Amino acid sequence: MLVPLAKLSSPAHQCLHALKIIKKDCLLHPGAARWASASVVPRITTHYTICPREKDSRWEGVNMERFAEEADVVIVGGGPAGLSAAIRLKQLAAKHEKEIRVCLVEKAAQIGAHTLSGACLEPSAFEELFPDWKEKGAPLTTPVTEDKFGILTEKFRIPVPILPGLPMNNHGNYIVRLGHLVSWMGQQAEELGVEVYPGYAAAEVLYHEDGSVKGIATNDVGIQKNGAPKDTFERGLELHAKVTIFSEGCHGHLAKQLYKKFNLRTDCEPQTYGIGLKELWIIDKKNWKPGKVEHTVGWPLDRHTYGGSFLYHLNESEPTVALGFVVGLDYQNPYLSPFREFQRWKHHPSIQPTLEGGKRIAYGARALNEGGLQSIPKLTFPGGVLIGCSPGFMNVPKIKGTHTAMKSGILAAESIFSKLTSENLQSETLGLHVPEYEDNLKKSWVWKELYAVRNIRPSCHSPLGLYGGMIYTGLFYWILRGMEPWTLKHKGADCDQLKPAKDCKPIEYPKPDGQISFDLLSSVALSGTNHEENQPPHLTLKDDSLPVDRNLMIYSGPEQRFCPAGVYEFVPLEESVGFRLQINAQNCVHCKTCDIKDPSQNINWVVPEGGGGPAYNGMQITFTQRRRACVHLSGD
């Protein structure tokens, strides 16, 4: 049921006023596409990365000078990897009585606010970083007590035994609110002397004259939606460093630039991705089993669409579960909606009873790296390194990447510290090159772990699809432990996998019942998402005409389905026949799915003003907390 905006709280109304629920008749059929092209293309993109200020008279006379700060190491991104690197650097500095300045910038208003929670954590790297984590009070309170795995048909569940040694075995792991854990790590970093700057988005990579990385610049603020400067315009800050660590998370927008600048992806396969959608629920206590972990594959997806679900029971003061659904972004049918598949999955006879009588309290979405070992780029270049989910260290069959991301941060810190403090330091470039990091990573358990599972995800490309992958796992991984003398390839970039709409059957999704399944509008309201409305949309288009002339005409506008936040919407032209794309940028949850899946590769996600975006922080943050964060950032 459509929730009237007038009945939502004021912050929710401000956050979501542009969002309109995508009704069935808005999901245009191929027959309607012939009416979509317009002779005059409405202007959509006003961001300076597409519309240069040098050619805009409104920017004449505006002071564009930036203030610069010097540090030894600058870290972009305050997730598990970035914080692990920062903490390890300071631990080593204290141990060896060295002074190094470490600065970390994070685009979220609070550390952990953009971390999508509901994770099952393998604690190996965390324990390495914090051997005394129990004494320090780390929020690891739910050890896994029960593990279940099943294949779903539309009406039934086929149990699959989890044998020792299989990737899905969670013995010894912890169910965590990852946002809470990251927030706790941020406190530990500050106590060690790391300079942590939440609310500052890294918008630009800076280079020395010799081509090596010099540092980053944070985003400018005070720009109108039409691209003109406001009276409050302020230039971003430059942070210069001997080494810059890029830990932006999956599909980082600066990492994309670095790939091209330094040809980092010449010797690897294209990355492939999934979109993970998550919810947090308070359920009836009789259905609550703290420590229980459930995973499923199968329905409602067909065998050729990679994906699956999780359901984690947290041990908290209230009976809380985190549940979610992952869909591989190499799917082919443009009519598929990951969000609606997720809502449909909750009605399965083996899932719905857990949720009946409960209350949904949070929602979010994030893209995941699924390429594995084959898709990892070169990790070092003059002046910088890539760590965490930015290059992609996720163990796909385990559905875990936090432990590998943290270990990459630890190894990067150790390699950088050794280089910075070397008495015989020599560098051919002004920005230090630390190839030792990649060498050390390849000698670590991270590389060994990813090598062992390298063929499981691409094995799903066989005629048997997902079930072929399961058979492969049983035959080769469980018996040979990944030592088979071949490495399978992926089938290409996710953006190239969609079939034309005329070759596919539209998917009829059931209407949400408002108790177990919900519409997109009410879901995004629970993400805490907020952006300053009067700023240029950070979902930029290289060509404003392509969404209608190509995506709508050929693929029936897939962006209005693959986006989990209702950002993209095709609406009728006011003065002529046809449609235009409307971008509701205020609703963006920073999942990056649009940048990945757009079949025209026309969408380029860039950072909005710092502090904007979702407010997960454990996937349970109130609008009051969000408003306090906004007031703090504005200085009022």
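**Strands, helices and salt bridges**

Author: In this predicted model, strand S1 (residues 68–76) and S13 pair in the parallel sense over eight bridges.

Reader: In S13, which residue is the bridge partner of Val-74?

Author: Strands of a sheet pair through backbone hydrogen bonds, either parallel or antiparallel. For S1 and S13 the sense is parallel. The bridge partner of Val-74 in S13 is Thr-244.

Reader: In S20, what is the bridge partner of Ile-245?

Author: Strand S20 covers residues 384–386, runs parallel to S13 and is joined to it by three bridges. In S20, the partner of Ile-245 is Val-385.

Reader: How many of the nine residues of S13 are buried?

Author: A residue counts as buried under 20% relative accessible area. S13 is largely enclosed by the rest of the structure, because the number of its nine residues that are buried is eight.

Reader: In what order do the three strands of the open sheet stand?

Author: S3 and S4 are edge strands, each with a single partner strand, so one side of each is left without a neighbour in the sheet. The pairing in this open sheet is antiparallel, and the order is S3-S7-S4.

Reader: Which residue in S7 stands opposite Cys-120?

Author: S3 and S7 (residues 174–176) run antiparallel, with three bridges between them. In S7, the residue opposite Cys-120 is Ile-175.

Reader: What does helix H5 reach from its first C-alpha to its last?

Author: H5 takes in residues 178–191, which makes 14 residues. At 1.5 Å a residue, the expected value is 20 Å, and the helix comes close to it. From first C-alpha to last, H5 reaches 20 Å.

Reader: Which residues of H5 are buried?

Author: An α-helix has 3.6 residues a turn, so residues three or four places apart point the same way. The buried residues in H5 are Leu-178, Gly-179, Leu-181, Val-182, Trp-184, Met-185, Gly-186, Gln-188 and Ala-189.

Reader: Is the peptide bond from Trp-299 to Pro-300 cis or trans?

Author: Most residues other than glycine have a negative phi, and most peptide bonds are trans. Pro-300 is in the loop between strand S15 (292–298) and strand S16 (307–314). With omega near 10°, the bond from Trp-299 to Pro-300 is cis.

Reader: Is Glu-97 buried or exposed?

Author: Glu-97 sits in the loop between helix H2 (80–95) and strand S2 (102–106). Its phi is near 55°, a positive value in a residue other than glycine. The cut-off for exposed is over 50%. The relative accessible area of Glu-97 is 74%, so Glu-97 is exposed.

Reader: And is His-251 buried or exposed?

Author: His-251 is not a glycine, yet its phi is positive, at about 60°. His-251 lies in the loop between strand S13 (238–246) and helix H6 (253–261). Its relative accessibility is 13%, so His-251 counts as buried.

Reader: How far apart are the closest N and O atoms of Arg-235 and Asp-220?

Author: Side chains of opposite charge can pair when their charged atoms come close. Arg-235 and Asp-220 belong to a network of salt bridges that also links Arg-53. At 26% relative accessibility Arg-235 is partly exposed, whereas Asp-220, at 7%, is buried. The closest N and O atoms of Arg-235 and Asp-220 are apart by 3.0 Å.

Reader: How many residues apart are Glu-532 and Lys-230?

Author: Glu-532 forms a salt bridge with Lys-230, with the closest N and O atoms 4.0 Å apart. Glu-532 is in the loop between helix H13 (520–525) and strand S21 (539–541), while Lys-230 is in strand S12, and the two are apart by 302 residues.

Reader: Are Arg-457 and Glu-370 buried or exposed?

Author: The side chains of Arg-457 and Glu-370 meet in a salt bridge, 3.1 Å from N to O. This pair links distant parts of the chain, 87 residues apart. Arg-457 has a relative accessible area of 3% and Glu-370 one of 2%, so Arg-457 and Glu-370 are each buried.

Reader: How many salt bridges does a search of the whole structure find?

Author: The pairs above include Arg-457 with Glu-370. For the whole structure, the number of salt bridges found is 27.

Notes
Residues numbered from 1 in each chain as written. Predicted model: local features only at pLDDT ≥ 70, side-chain atom pairs only at ≥ 80, totals over all residues. Heavy atoms only, no water. Pairing = 2+ DSSP bridges. Helix = DSSP H or I, 4+ residues; strand = E, 2+ residues; numbered from the N terminus. Expected span 1.5 Å × (residues − 1). Buried < 20%, exposed > 50% of the residue type's maximum accessible area, 1.4 Å probe, protein only.
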